[in-house]
Structures are given as C-alpha cells and as structure tokens.
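Here is a short report on a sheet and a surface patch. The structure comes first, then the reading of it.

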Amino acid sequence: PDPLMVTLITAALWAAVRWYRTPTWGWSVAAGLLAGLAIFIKAVAVFFVGGALAGLILGGLGLRKALAERRVWLMGILTVLPYAFYHIYGVYISGKLASQFGMRFFPQLWSDPVFYLQWNGLLSSVVGFEWFLVALAATFLLRQRAHRTLLAGAWVGYFLFGMALSFHISTHDYYQLPLIPIVALGLTAAVETLFNNLQGAKLPGVALIAGVILFAVVIKAWDVRVTLKRLDFREEPVYWQKLGKQLGQDVAVVGLMQDYGYRLAYWGWVDSGRWMSSNDFNIYQLAGQDFDMNKLFSDLIEGKDYFVVTAPDELEKQPKLKGLLYRNYPLVPIDGDALVFDLHKPLQEGPPQ
C-alpha cells in the first residue's frame, strides 16, 4: 500500500495548496477526501498529512481565523472520517485490526546512537543524504510563508513518524518512501533560489553552474545504471517455479524465505508457513518477550513435510535454528541453492535438540 499512500499524500498536499490559493468548498472537499484516503490506505500517512495541513492552515490563516473557517472544519472532518469508520469496524466490530497496534512503539531506541545511524543509513540509501540536507535547508527559502510552514509541517511529521515507529524507520527501507516528495518539494526551493540568482549573471558563470549540475546528473544516472545492471530479477520466476515443481504442490512447507514465502506461493504455487527473521525476533525482544526456540520450532513443523531455506544469510544470523535443522533432519538433494530439509526422516528419535 505504500506507493499508493505516498501518491495520495502528494495529491492531498497539492489540493490543499490549491484550496489555500482559491478557498472554495470544492477544493476543501478535494483536499479533505484525498487526505482522508491517504490515511485510509495506511494510517501512518496521518503524520505527513496532519503535519503539512497544520502547517499550511496555521501559517496561512492563523489559529483564530482557521477555527472560524467552516471550510477548514469540513477539510478536517473529511480527513479523519474514512479511517475513523475503518478503525471502528476493524477494532471494535470485526476485531481484525486489533493486532496492528502492537509491536510498534519502542521509545527505548531513542537513547541508542545506533538507531540514529541506521535511520540515517536507510534515509541516505533512498533519497541521498546530501539531497536530504539541501532540501531541509532550502525549505526556509520558500518565499510564501504558507508554503514554508506547509513543508516545515511535513518535515516535523516525518520526524515524529520516525520517533513513533523507531524500529521500523531504522530497519525497513520502504518506510522512507513518504520522504521522497518532501525532499522533492524542498529541492524546488533550492532550484528556484539558484535560478533567481542567475538572472543577469554572465555566461561563464551560468555555464559553470550548468556544468556542475550536468555532472551531478550524469554521476547519479551512472549509479542507477550500475544498480540496475547488478540487480537482475528476470530469473526470479524461473527459480521459484522450478523449486515449486521439485517440492510438489501437494506438500506442506515451512521455511525461511524472502518476502515471507510469497515468491514461492506466487510463482511456485506452494504455500508455506513462515519462520520468523532475525528482525522479527528482535522486535519481540525489544518488547520484552522471549521464546523457547525448541518449542517454537516443534510447533511450527508439526504436520509439515519440508523446511525450506532460500535466505542463507538469514540462517547464519540464527545459529540456534541452523543447529536444529542440521542436527535433526537430512537435506533433500535438489537442483539449485535452496536448502530443503526432510521433516519426515529425523536423524534421531525424540523431539529436535
């Protein structure tokens, strides 16, 4: 849902700016509905939508005028209404959303310097740390006060989002996706300032700046080319289809695989139970929960035919699991680099040790 959420956040901010320029009921409805849909798609959008809209309204109208403006109230109601209905149904009627609010908030990470380093690492990998800094600084160069406060509100929302979901912001790169439009908007202010200062400049200076920009674009484009050449996913369907055929589509499988085993299900037509990743175990440990690994393993493999490992790096991070598999179950000879342990034929009697 994240790309759709980011799209709707961007559309909501666009509609809100249009409403600020032309404060009609129509633009108020458009901004409110788009903001509400963004939050409905994924609730964390509230940090970005809420921060940006608050910045725009308070910076553009002021608190007293905003409270007296009926269009602002309509926009606010439409922003919260879709998710409010979904929340009431999911939590209090069906109960299916109750678990979504667990394992999210880990304030103990705030005092850990590694948390900020990991956050910075993912941020840099998604938007580039230098562009992040330029966009943040350039926010305050925007000429219109309402535009500055809107973008500043989005930055504040991003910071609060990261602090509220500290584990995820520092371990899941896709949690950085909402940052992309914020950085893009900040960079527009930098570009605008640059071009304004170039007016009336002499040709050698303009050519020099154009050359620097062109050099930066070429370097980044080459980096993208290298990345795309290195990461070739065209063999993925073939790999998983072949593995599915070798396992058989009438078997019960549990595994340590990429994307929670969905690749095997999608291309190989073999559903599988999921053994947790090291990150999953870390979340539970941060929440103060421990596991009896032997019992967890025995419960998960009960009634299963094979334990499949297609993420060997992840297996190395879990030596306890690696020992349980290699000590207790034989490997099935198959083509490819997957490790398939036969749960029918334990190497020793009794529960796995």
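## Pairing in the sheet

Two strands count as paired if DSSP finds at least two bridges between them. The model is predicted. By that rule, S3 pairs with strand S4 (residues 339–342) in the antiparallel sense, over 4 bridges. Within this pairing, Val309 has Leu339 of S4 as its bridge partner.

Strand S1 (residues 253–256) runs parallel to S3, and 4 bridges join the two. In S2, Ser272 is the bridge partner of Val253.

The 4 strands make an open sheet in the order S2-S1-S3-S4, and the pairing is mixed. Strand S2 (272–274) and S4 stand at the edges. Each has a single partner strand, so one side of each is left without a neighbour in the sheet. From one strand to the next, the twist averages 30°.

## Cover over S3

Are the residues of S3 buried or exposed? Strand S3 spans residues 306–309, and both of its faces are covered. Tyr306 and Val308 lie on one side, Phe307 and Val309 on the other, and all are buried.

## A nonpolar surface patch

Elsewhere in the chain, Leu58, Leu63, Leu67 and Trp73 form a nonpolar patch on the surface. Together they have about 440 Å² of accessible area. Leu67 sits in helix H4 (residues 63–68).

Technical notes:
Residues numbered from 1 in each chain as written. Predicted model: local features only at pLDDT ≥ 70, side-chain atom pairs only at ≥ 80, totals over all residues. Heavy atoms only, no water. Buried < 20%, exposed > 50% of the residue type's maximum accessible area, 1.4 Å probe, protein only. Patch = residues over 30% accessible without salt bridge, like charges linked within 9 Å, V, L, I, M, F, W, Y side chains within 5 Å. Areas by Shrake-Rupley, 256 points an atom, 1.4 Å probe, with all protein chains shown as cover. Salt bridge = Lys/Arg side-chain N within 4 Å of Asp/Glu carboxyl O. Axes fitted to C-alpha atoms, helices over the stretch in contact; angles between N-to-C directions.
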